[in-house]
Amino acid sequence: MVATEGNMVERLAFWGIPISFGVLGLKLAAWWVTGSVALLSDGLESLVNVAAALIAYFVVRYARRPADHDHQFGHHKAEYLSAVLEGVLIVLAALLIMQEAWGGLTTPRMPEAPWLGLFINILAGIINAVWATILIRTAKAHHSPAMKADGQHLMSDVVTSAGVFVGLVLAIVTGYAILDPLLAIVVAFNILWQGYKVISHSLGGLMDKALEPDEEAAVRETITVHSAGALGVHDLKSRRAGAAAFIDFHLVVPADMSVGGAHEICDRLEDAIRAVIPGATPTIHVEPESERAHGRRVELEGTHK
């Protein structure tokens, strides 16, 4: 099951490369026939998409490698590095767009063959919208930071293309050529914001961010339901590393319980947690009831005081 999910993510990462090249070609064609600075800015953002797709493919493959002697917890965090790098590339694209837009502000001119250029750009935007939706859904299902960053950036690209379309239509209708470079600047600021969000989210993963609230609630519920025989659970901790999740807690059992009995409870809890959090690695520390509880507690059935 895990191998199949990993293969799916790898296949999507691979197909992202030719798709990103195709979209880039369409957007550059739209700029070529119009000379529009706004369409050029949209094309520069797609250039980042190409680089991001190439990086994501190789990083996703690396992140799926099994644990080894030097990386005993796996290689999952490599995806966060890919997402951070993509965020940096997004910011770089925004700065390049601003540079191009500044030249357009000083010498504004109306785009040539604008309707043909807009049609080509709309086609590229539709392809991006479909592909971004697929990537975001896959990233959510398989906890892939690289795919999520790629999908979110593509979706921001779709928003950018829609804004460019509206702005250029206004420029054509009103005859105000300066709307073209002004729109490019707006696009640049939107891209900067998207880059900031990608980088901040990825840094959170590198800093061992805990599971999402709904995931943690599922873990707590699972512990409550499957901990029969135990007296308490405390010091619950979690962290997410791409497709992997690490969950630690202390399990309190009667002082006279055998090692085999405690082990049976741990096995039951581990299997139940893996069932609700795919890719989870539970680590359970067994303690006798005489030990003082600390950290975050989980209320068990029949142990309320």
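Which handedness, left-handed or right-handed, does the crossing of H7 and H8 have? In this predicted model, the crossing of H7 and H8 is right-handed, and the two axes come within 9 Å while crossing at roughly 150°. The contact is formed on the H7 side by Ala 218, Thr 222 and Ile 223, and on the H8 side by Leu 269, Ala 272, Ile 273 and Val 276. Classified by residue type, this contact of H7 with H8 comprises 6 nonpolar residues and 1 polar residue, with no charged residues.

Helix H7 itself spans residues 213-225, and its 13 residues reach 18 Å from the first C-alpha to the last, close to the 18 Å expected at 1.5 Å a residue. The buried residues of H7 are Glu 215, Glu 216, Val 219, Thr 222, Ile 223 and Thr 224, and what covers them includes, besides helix H8 (259-276), the strands E1 (232-241) and E2 (244-253).

A further helix pair is formed by H4 (residues 114-142) and H5 (residues 145-174), which pack at an angle of about 155° with their axes 8 Å apart, so that H4 is roughly antiparallel to H5. In this pair, H4 passes H5 in a left-handed crossing, and the residues of the contact of H4 with H5 divide into 19 nonpolar, 7 polar and 3 charged.

Technical notes
Residues are numbered from 1 along each chain as its sequence is written. This is a predicted model: local features need pLDDT of at least 70, side-chain atom pairs count only at pLDDT 80 or more; totals for chains, interfaces and linings use all residues. Side-chain values use heavy atoms; hydrogens and water are left out. Helices (H or I, at least four residues) and strands (E, at least two) are DSSP runs, numbered from the N terminus. The expected span of a helix is 1.5 Å times one less than its number of residues. Buried means under 20% relative accessible area, exposed over 50%, partly exposed in between (1.4 Å probe, protein chains only). Contact means heavy atoms within 4.5 Å. Axes are lines fitted to C-alpha atoms, for helices over the stretch in contact, and angles run from 0 to 180 degrees between N-to-C directions. Angles under 35 degrees count as roughly parallel, over 145 as roughly antiparallel, 65 to 115 as roughly perpendicular and the rest as oblique. A crossing is left-handed if the near helix is turned anticlockwise from the far one by less than a right angle, and right-handed if clockwise. Ala, Val, Leu, Ile, Met, Phe, Trp, Tyr, Cys and Pro count as nonpolar, Asp, Glu, Lys and Arg as charged, and the others, Gly among them, as polar.
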